[in-house]
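Please find below some short notes on the model, as numbered points.

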Amino acid sequence: MNENRNANLSLYKITKRYGSFTALNDVTYDFTPGVYGLLGPNGAGKSTLMNIITDNLKPTSGTVKFDGMNTSDMDDDFRKILGFMPQQQGIYPNFTLERFLYYMAALKGMKKKDAKADIERLIELVNLGNARSKRLGGFSGGMKQRALIAQAMLADPKIIILDEPTAGLDPKERIRIRNLIAEIAFEKIVIIATHVVSDIEFIAKEVLLLRQGEIIGAGKPYELCSKISGNVFTILAEENQLADISKQFKVGNIAKDEKHIFVRIISDKVPQGYKYKSCKPDLEDLYLYYFD
Ligand code: ADP
Ligand code: MG
């Protein structure tokens, strides 16, 4: 048991070019079991990286290794230990949930008997017991995402790659998916690509910040956040100061109560001339700092 505890997925100098455009530049990183957040705005290269990790796309240069072996040489052996939820996934509208999962299990090379037990377990895990015989075409956004997560979990994969798993979901469904991911992550390498900080803020062991194809920072969330400690403030503002504040500073959350407006800002200097207090940076602040 627990032979996966020392599993290691390692990216070495991954570069991807499309003609003269560099989508990924020299990405090197080591993953061990735990949840990782790959955070960056649209166009940063997240999906490109996920498609390379899953061997659906060849890098221009660089290698992906699992436990020391080149994944592109592992072929089916790699596919068997991998679960992938791509960003764009053709969902089969006429398949029932059960049929979809059996179909995906067959593609993974699972025997029917193993598939049956696994599918039963996963349908319950993602809380779609009532929908097992319903067609995917009639599923809500949240149900579809959960069905796709379930297929990524088939055959107890050692590596799970989820590309924007909460896209298009309402806040309640987001929370549900987030909790589900935290639950399934035990002793697996889980990598979640997202531009939504709250998707990973409290479940990621480490966060990778990806900007224009490069990792510009990576590590434990509190370590990353400590880089901007002293740079986050809340200003107690008047309505007529708001325009001026957003001209001068990167503005995060704006909160109002009956009498006051609280404006969270990121700034290298203290906001002189305003009533302010210092705040402890969080991942949202860090995102604004790097990507706004
Ligand atoms: P993300 O998932 O972070 O939004 P992508 O990995 O999808 O980013 O895209 C990264 C960049 O690479 C974008 O600028 C995108 O336009 C470009 N890109 C992606 N696929 C191709 C392709 N097949 N040909 C040319 N450019 C591409
Ligand atoms: Mg993407």
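**Notes on the domains and the magnesium site**

1. To the contact (heavy atoms within 4.5 Å), domain 1 gives 15 residues and domain 2 gives 10 residues.

2. This is a predicted model, in which local features need pLDDT of at least 70 and side-chain atom pairs count only at pLDDT 80 or more, while totals for chains, interfaces and linings use all residues. Residues are numbered from 1 along each chain as its sequence is written, chains are lettered from A and ligands numbered from 1 in the order written, and side-chain values use heavy atoms, without hydrogens and water.

3. About 1100 Å² is buried between domain 1 and domain 2, with 71% of it on carbon and sulfur atoms; this is accessible area (1.4 Å probe) lost on putting the two parts together, summed over both. On the side of domain 1 that touches domain 2, strand S9 (206–211) and helix H8 (221–226) are the elements giving two or more residues. S9 gives the most, with 4 residues. Helices (H or I, at least four residues) and strands (E, at least two) are DSSP runs, numbered from the N terminus.

4. The count of salt bridges between domain 1 and domain 2 is 0, a salt bridge being a side-chain nitrogen of Lys or Arg within 4 Å of a carboxyl oxygen of Asp or Glu.

5. The magnesium ion (ligand 2) has Ser-47 (OG) and Gln-87 (OE1) as protein donors, 2.1 Å from it. Ser-47 is in helix H1 (residues 46–53) and Gln-87 in the loop between strand S6 (82–85) and helix H4 (97–107), so the pair ties together parts 40 residues apart in sequence. Donors are N, O and S atoms within 2.8 Å of the metal (3.2 Å for Na, K and Ca); water is not among the atoms, so sites may look incomplete.
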